[in-house]
Structure formats: C-alpha cells, structure tokens
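Please look over the sequence and the model below before reading on. The paragraphs that follow begin with a single residue and then widen to the chain as a whole.

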Amino acid sequence: MLKTAVVTGASRGIGAAIVRSLAAQGYEIAGIYARHTDAMQQLSKEYGVIPFAADLAQMQVFAPLAQQILERLGHVDLLVHSAGISCHGLFQSIPPEETQRLYTVNLGAVIELTRALLPSMLKRHSGNVICISSMWGEIGASCEVDYSVTKGALLAFVKALAKEVGPSGIRVNAVSPGAILTDMTTSLGTEALGTLAEETALGRLGTPEEVADAVCFLASEYAAYITGQNLSVNGGIL
Ligand code: NAP
C-alpha cells in the first residue's frame, strides 16, 4: 500500500523541502497551504502533491479539512506540522488579533488537525506525527515571547501525546530547527542573519533540506524506537 503523508506549510520553506524529500521516498502527499497557490501548483506538477488550500488561523477549518484529506488519501501514515508564522516585538505591544492568529496557526492547528486525523491512525494501529518546533521553544527568545510559547507548548504536546498513543503503535516527535534560511528568516535582514550564523558552531545558517532530512529520519524505520523526543537541528547554536 502507498505510504501517505499530510504536510502543513507545504508551499514554501521547510514544508516544501519536506514535501520534496518525502515525494522522493515514494509518499503520496496532501499539502496544506494558505496563500502561495503558484508555489503549490508547481509542487503538484513536479511531485504529484494534492493541494489543500486552508487558512489554519481559522478554527472551523480543521475538521472538514481532515475529512477531505481522508477522502482523498484513504489513510494517513505521516502527519508533519510545518506551517508557522512568527511575530516580533515587545510582549506587551503585540496587537491581540496578531497574537490570536499566531497561537492558532502555530499551536491550535497542530492540536486540532492531529485530533481530527488521529482516529484513522488509531484504527490502523499505526502512524507518525512530527511537529516542527523551534530552538526558541527550547530556550525562549526576547521579543518573540508568544512565538516561543507556541513552540515550547509543541514540545510538551509531543511528549504527552507520545505517551498516550505509543501503546497504539503511533509515534510522535518534534524537530527544532535553529536559524534556517527561508522567507521567515530573510525578513530579519542580513545583519541579524550574519550574527545568527556567527553564533552557530558550524558558522552558517541551515537549509530547509537539512531540516527535511531530520523529519525523514524520524518518519523512517531507522527511528522505529524513537518517540516523545525532540531532535534539534541547529548547527550547534545552543
Ligand atoms: P515560511 O518559509 O515562512 O513558510 C511558512 C509556511 O506556512 C508556508 O507554506 C505558508 O503557506 C504556511 N502558512 C503560514 N500561515 C498559514 C496559515 N494561516 N494557514 C495555512 N498555512 C500557513 O516558514 P519556514 O521557515 O519554512 O517555517 C516552517 C516552520 O519551521 C514554522 O513552523 C516555523 O516556525 C519553524 N521554524 C523555522 C525556522 C527558520 O529559521 N526558518 C526556525 C525554527 C522553526 P503560504 O505561503 O501558502 O501562505
């Protein structure tokens, strides 16, 4: 039977790299994205990804989205949560609507999509969930407090859910990237990126493909006895 994967944030950056790597391994993939239709269509053309447009900031989308995905794929072997947004500024100065959006995309979507797709994994006594957290979820970042909270919460989510569903044959893990060169980080500017690269033991930023490699490892049989863990992919920045 064909291996199937659902990847959120599939249109760009780390999610798109994960899609390319999983497609190379023969997965049939449902890719969730919000705005970048052209990028998603390209991935569809090249890798046969089935696109699902959905704004993950809207709580009402999760259940119908999961249902549509299951109708197309039949079952889900692997669920990778890569969609995410960042938000910079002093904690007390971020507008409430922006904070709400951040919490829903980075955390609410992970929880609710997993909740909606889990029954199909439980039925088959098999499945794999991987959350893309962040080094800021591990150590906290000034001026990215809410972002750090969402990413730290994902690590707790992974640990707790792994215990609950491990007996049902489902593994749950996190990957915490450091500074990776994508649209999310280029907005920081070259000076800040240079500083981040200098702070990294390997002296450079990471690539989306290097994060995708960690995801593929956790998805594979090489990680068959690994669950409830966080794999840091940060070039030694911490
Ligand atoms: P990115 O290049 O900005 O891509 C973000 C992806 O998330 C896009 O595919 C985007 O879809 C999707 N997305 C954003 N808002 C969405 C929404 N409301 N509904 C549905 N999809 C939405 O970001 P990235 O750097 O690849 O980051 C991927 C993940 O890694 C994120 O969770 C991020 O927090 C985490 N991370 C990144 C870094 C880094 O240095 N880049 C470091 C640590 C952790 P559209 O483009 O179609 O809107």
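**From one residue to the whole chain**

L107 has a relative accessible area of 16% and is therefore buried, where buried means under 20% relative accessible area, exposed means over 50% and partly exposed lies in between, with a 1.4 Å probe and protein chains only. The model is a predicted one, in which local features need pLDDT of at least 70 and side-chain atom pairs count only at pLDDT 80 or more, while totals for chains, interfaces and linings use all residues. Residues are numbered from 1 along each chain as its sequence is written, and side-chain values use heavy atoms, with hydrogens and water left out.

L107 sits in helix α4, and, leaving aside residues up to four places away in sequence, L107 touches L102, T150, A153 and L154, a contact being heavy atoms within 4.5 Å. M184 lies 77 residues from L107 in sequence, and their C-alpha atoms are 17 Å apart in space.

Helix α6 covers residues 145-165, and its 21 residues reach 30 Å from first C-alpha to last, close to the 30 Å expected at 1.5 Å a residue; the expected span is 1.5 Å times one less than the number of residues. The buried residues of α6 include T150 and L154, and among the elements that cover the buried residues of this helix are α4 (96-124), β5 (127-132) and β6 (170-177).

Two loop residues deserve a separate look. H125, in the loop between α4 and β5, has a phi near 55°, a positive value in a residue other than glycine, and at 49% relative accessibility H125 counts as partly exposed. C143, in the loop between α5 and α6, likewise has a positive phi, near 65°, and is a residue other than glycine; its relative accessibility is 33%, so C143 counts as partly exposed.

Taken as a whole, the protein chain has nine helices and seven strands, which are DSSP runs numbered from the N terminus, helices being H or I of at least four residues and strands E of at least two. The radius of gyration of the chain is 17 Å, close to the 18 Å that the globule rule gives for 238 residues, so the chain is as compact as a globular protein of that length; the radius is taken over C-alpha atoms, and the rule is 2.2 Å times the number of residues to the power 0.38. Of the 238 residues, 51% count as buried, and among contacts between residues at least 6 apart in sequence, 70% join residues at least 24 apart.
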